[in-house]
Amino acid sequence: MAMDPTTPAQYILITQCLQNDFFLNLDCQLSLPDSAVSKLLLDSESGAALRTEGHRRVLSDAELHRSPLARFLDATVGSRTRGHGDGVLHLINIRDWHVPGEAYDLERRQYGAHCEAGTWGAAYVDGLTDLLAPDRCAPADGWGGRLRVHHVRSNTLFDFQHSSGGRPDLGEPAPLTTLLDGLLGDGRQETTHVVVIGVLTDIKVQLLLTGIRSRYDVRQLVVSDALTASRTLERHLTALDFCQRVLRTEVMAGLAELARFLGSRPDDDRRLSRGGDAEFAGYSSYIQDKQGILSYEDARLRDYRIQTSERLRRAQHTVGFASKFLLGLGTCLLLTALVLSLVGVFLPGRIGWQSPAVLGALGVGQIVTLFFTRPVRSVQDALAEETIYRMILESRSLKVALARFHITTATSLRRHDDVDGQSDALARQLEILEKIDTADFERLGQLGVTPRAEPPGPGRSRRGNRAQAP
């Protein structure tokens with residue numbers, strides 16, 4: 001259904017799991033680390049640190065008022081309550097809310113007890129309730145129609161599913177589904193702006209964005225980097241990378257820019273600055289860079305394995321041929337010995353036992369030495385040298401990949417203000433790899449996995465030259 005282009009814009013701010021169990025309850029298994037909590041609830045420029053009392057984190061009202069999350073909520077939700085802002089802002093607060101039942105048991109076994117109905121841990125973060133639930137003291141006119149607050153309780157991992165206590169029922173619409181069907185299912189794709197903030201980035205936030213993208217045609221879908229967090233930086237960045245590349249969701253870092261995207265007009269952009277925290281934009285290539293290093297190393301290792309495996313295959317074929325030959329020769333020798341013994345029994349004096357015994361022993365000794373001892377030793381040498389050679393090449397491929405990462409990136413080629421820092425980082429990484437190599441080779445030596453020493457000669461030189469070729 002096409003809408004009139006002059007239709008007023010509609011703004012939707014979805015908060016995910018801004019609850020005490022995730023931020024302040026140290027007894028909760030899903031509680032965020034200090035770094036993630038500080039990112040959202042502490043002003044990075046104030047130098048304040050998180051304090052604990054018993055098993056809870058405690059923040060003063062003044063600290064919360066200066067926090068990035070509170071400043072953003074005040075610039076969006078608070079400004080609407082003061083009569084400012086464009087269009088209508090729908091504030092949708094999604095909270096985990098679990099009652100005893102099979103659905104909760106499934107999550108509890110994996111993530112531990114959290115957000116149990118009616119507990120302090122399931123409540124909004126202490127100190128932010130007025131901004132997350134301003135409808136508790138809303139005026140009669142509802143702030144002139146500028147703000148509408150919706151509280152959604154979710155008892156499943158995927159907010160678009162609902163459970164009445166047992167397993168999630170796909171046929172029963174979840175409260176979030178009913179709400180968003182009314183807000184996003186009216187064809188207002190061009191004039192609806194949707195922003196998602198909250199935790200955890202790699203679980204609840206990512207699943208929420210996946211559901212929105214798969215169910216609705218939303219053109220303006222944004223997730224905040226500054227106001228989302230996960231248990232580790234890598235998991236946070238991986239989730240944002242997935243949202244950006246796969247879900248086609250814009251990742252926005254600036255708080256002032258995010259507030260303007262929701263139709264607000266912040267009076268002081270500096271109050272919404274990020275401070276010194278790292279942004280996703282600075283790490284947008286983190287996953288690709290890591291994958292590039294690993295893929296380069298794997299490609300080089302495949303080449304090295306192809307080059308070094310031919311000798312081992314030849315030695316194995318030689319051993320197989322020698323084994324078959326020795327089996328046949330041994331059978332023939334036994335039959336010959338049996339025939340000669342019978343001849344000696346029935347025709348005494350015709351054949352003496354000394355000559356066949358001496359000649360047979362000499363022949364067997366020569367054959368065993370020629371066809372069995374050397375191939376086995378060759379295989380042992382080949383396996384030992386193959387093991388060491390591959391370890392050396394693997395170490396070399398990783399060192400080359402790290403060197404390429406530090407030396408040939410666009411930043412290092414165009415900017416030379418931090419060359420010393422990059423060189424120091426590379427030197428420390430290579431030093432660590434050298435220590436790992438030394439420890440590995442010492443352990444191999446203790447196990448006896450060492451190449452057989454041979455005196456230098458033409459043959460040895462040729463092999464050494466071949467080893468240097470790759």
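**Cores, sheet and loops of the predicted model**

Of the 54 residues that make up the largest nonpolar core, Leu13, Phe23, Leu41 and Phe72 touch the most other members. Helix 4 (residues 68-81) supplies the largest share of this core, 6 residues. Another core lies apart from it and holds 25 residues, including Ile12, Ile94, Phe160 and Val251. The model is a predicted one, and its chain comprises 15 helices and 8 strands. Of its 470 residues, 40% count as buried. Among contacts between residues at least 6 apart in sequence, 76% join residues at least 24 apart.

An open sheet is formed by 6 strands in the order 5-4-1-6-7-8, with parallel pairing. Its edges are strand 5 and strand 8 (250-252), each of which pairs on one side only. On average, and with direction ignored, neighbouring strands of this sheet are turned by 20° against each other. Helix 8 packs on the sheet, where it touches strand 1, strand 4 (88-96), strand 5, strand 6 (192-199) and strand 7; the direction of helix 8 makes about 160° with that of strand 6.

Strand 6 runs parallel to strand 1, to which it is joined by 7 bridges, with Gln16 standing opposite Gly198. A further 6 bridges join strand 6 to strand 7, again in parallel, and here Val199 stands opposite Ala229.

Thr201, Asp202, Ile203, Lys204, Val205, Gln206, Leu208, Leu209, Gly211, Ile212 and Arg213 are the buried residues. The length of helix 8 (residues 201-215) is consistent with its residue count: at 1.5 Å a residue it should span 21 Å, and its end C-alpha atoms are 20 Å apart, which agrees. Helix 9 (residues 233-245) has 13 residues and reaches 18 Å from first to last C-alpha, close to the 18 Å expected. In helix 9, the residues His236, Leu237, Ala239, Leu240, Asp241 and Cys243 are buried.

Most residues other than glycine have a negative phi, and most peptide bonds are trans. Against that background, a cis peptide bond joins Val199 and Leu200, with omega about -5°. Leu200 is found in the loop between strand 6 and helix 8. Cys17, which is not a glycine, has a positive phi of about 55° and sits in the loop between strand 1 and helix 1. Arg248, also a residue other than glycine, has a positive phi near 55°, and its place is in the loop between helix 9 and strand 8. Is each of these residues buried or exposed? Cys17 counts as buried because its relative accessibility is 0%, whereas Arg248 counts as exposed at 57%.

Gln19 lies in the loop between strand 1 (10-16) and helix 1 (20-23) and is buried, with a relative accessible area of 0%. A polar atom of the Gln19 side chain lies 2.9 Å from the backbone nitrogen of Asp96. Leaving aside residues up to four places away in sequence, Gln19 touches Ile94, Arg95, Asp96, Cys115, Gly121, Ala122, Ala123, Tyr124 and Val125. Pro139 lies in the loop between helix 6 (129-132) and strand 5 (147-154), and counts as partly exposed at 37% relative accessibility. Pro139 and Thr81 are 58 residues apart in sequence, and their C-alpha atoms are 9.2 Å apart in space.

Conventions: Residues are numbered from 1 along each chain as its sequence is written. This is a predicted model: local features need pLDDT of at least 70, side-chain atom pairs count only at pLDDT 80 or more; totals for chains, interfaces and linings use all residues. Side-chain values use heavy atoms; hydrogens and water are left out. Helices (H or I, at least four residues) and strands (E, at least two) are DSSP runs, numbered from the N terminus. Buried means under 20% relative accessible area, exposed over 50%, partly exposed in between (1.4 Å probe, protein chains only). A polar contact is a pair of N or O atoms within 3.5 Å; within protein, one must be able to donate a hydrogen and the other to accept it, and residues adjacent in sequence count only if both atoms are side-chain atoms. Contact means heavy atoms within 4.5 Å. The expected span of a helix is 1.5 Å times one less than its number of residues. Two strands pair if DSSP finds at least two bridges between them. Axes are lines fitted to C-alpha atoms, for helices over the stretch in contact, and angles run from 0 to 180 degrees between N-to-C directions. A nonpolar core is a set of buried Ala, Val, Leu, Ile, Met, Phe, Trp, Tyr and Cys residues joined through side-chain atoms within 4.5 Å.
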